[in-house]
Amino acid sequence: MQLKKLSLALATAGVWWLGNGVAAAAEEVQLAETQVEDAEQQKKVKARLEEIKAEEKAAAKAASGYYVERRSYGTQKETEPPRYVKQLNKTWLKDYDSFADVDWLDIGFEYRARYESRQNDFRRAQENIDDPLLLRSRAYLGLKNILDPFRFAVEVQDSRRNHSDYNDSTDRRLSNDPKDIDHADFLQAYLELYFKESIFGKDDLGNNRPFWVRGGRLAWEDLDRRLIARNEWRNTTNTFQGIRANIGEKKNDWQLEAFAVQPVQRFANQLDQVDHAQKFYGLVGDWRGWSDYVTIQPYYFYLKQNGNRVEYDGNGTAYSDRSVYTAIQQTRASIDREINTGGVRVYGVVPGTQWDYDASYSKQWGEVQRYTGSLATGRYINVDHDAYAYTAEVGYTFNKHSWKPRFSGSYGVASGDKVSGTTATDTSDNQGFDRLFGFARPWSNNDYIQMNNIRAAKIRAEFDPKVPFLDNVKVDTGFSWYRLDSATDRWAAGNNLQDVTGNAGRDLGKEFDLRVRFPLSQYAALNLGYAHFWAGDFVKTTSRLVAGQANRSDTSNFFYTELTLYGF
């Protein structure tokens, strides 16, 4: 009996244990199936998120095309048409029924007033304090779409300088300086043939590759603006006369531009004229096929000068004016030149990071004339032109910070001439880089540095501070170190100071700058800036050799406030 009870108990326990084991196994199987289902679901969710991200990226790329904006300091090109220009039905005139549908007319008006305070300006031979008021007015009118392929545009500008100590100077190069003064003249006046759909087809994103050709008075910017620029900071503007042609636009994977022009000579108080002594040709390419990584811009320029037709200096002053130039100076300026410039620029953002870069290299070669000896016994000789320039900048942007700070470092070199003997007897190759028609602003906020005979190292910070009562405030500041590339060549922007012996050294100086920009409204913007310069040994030595400047200060200060008003 006891044995039966014990057997029954054991059997019952075995069944219970077996039942629990089966239940546990079933639960484990169900859990495993659930985990598999969850993993598959997570995999599907992850795949869909990646699809959405890819779709958003594709949509963004379709909208902007292959174009990726550069981040390097001061290298953003002026748009075409300029930024102050608007399509008429996108201005306040759209509120009038007559203009609500006018999408075929571009219109713009801009007025800029800049007060400058310059203490011990090293661009001048004499130490002084100058407080000029620079005034610039621009207007633009352009016709498009309605008569395609025929288009045209006209842009005019008036530039004036008031309250400057140099307005009354007996030196016409200062009193009528066309870097500041150019009364009522044409910046642009061209006819255009524009084909939105051209024989060059479409890119892989389906964007049309348009073709256009323009002829007449032209003003534009190329590459990083260091070789061809409108010079937006300056009170006057570079212009040319001739033909430009373009295949593609910035949305396309590739683009090609060609031009054949002559520079326009600016005059302060008369209509500007074509400089018949110079002819300028060029090709500029853009390859954006790898735009997530790099934009590549190869280029070639050719500048030819006929010495027999040289009449004016860069200030519009005639070399034949004996109140300014001697006969030997005129003879030395009237030289033939053939300068080839070839190079490449690469820039972009490192994928998956906030690091950006911008680098370029330019090589110049050709032949230039020199006049050696005295006026009575001298002669013209031909020497090789062999020069180079390069720039490199690396930056990092903290995108997660509300101020979006960007910190960068850059280094730039433009070769200087190695003078052998004196300027009157030098027969060596010309090694000074010719900056062509570029702008100098990124090199120095004091306007002390041009792209010739220079080595410049810079660190910069740019950020967008959040100000409670102002939107879109932008601040940038930097520190620069300057050295001459050649101790025997001149400091072009520094009143052409030069020590052909090289004993004054190459230390040009250091500079600190600060700029604050902010819009006051849709139709007004304010720009405030300051720059301080510490002169190096070269500047201290050579500037004090100028008559009456033995005690010249070693530092300079530059402050400006600039107000810009927009009509539309």
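Tutor: The secondary structure of the protein chain comprises 4 helices and 21 strands; helices (H or I, at least four residues) and strands (E, at least two) are DSSP runs, numbered from the N terminus. This is a predicted model, in which local features need pLDDT of at least 70 and side-chain atom pairs count only at pLDDT 80 or more, while totals for chains, interfaces and linings use all residues. Residues are numbered from 1 along each chain as its sequence is written, and side-chain values use heavy atoms, with hydrogens and water left out.

Student: What radius of gyration does the protein chain have?

Tutor: The radius is taken over C-alpha atoms, and the globule rule is 2.2 Å times the number of residues to the power 0.38. For a compact globule of 568 residues the value would be near 24 Å, but the protein chain has 32 Å. Along the principal axes, its C-alpha atoms fill a box of roughly 145 × 65 × 50 Å.

Student: Is Ser175 buried or exposed?

Tutor: Buried means under 20% relative accessible area, exposed over 50%, and partly exposed in between (1.4 Å probe, protein chains only). Ser175 counts as buried because its relative accessibility is 11%. In the protein chain, buried residues make up 46% of the 568 residues.

Student: Where is Ser175 found, and which residues is Ser175 in contact with?

Tutor: Ser175 lies in helix 2 (residues 172–175). Contact means heavy atoms within 4.5 Å. Neighbours within four places in sequence aside, Ser175 contacts Arg161, Tyr166, Asn167, Ser169 and Ile181.
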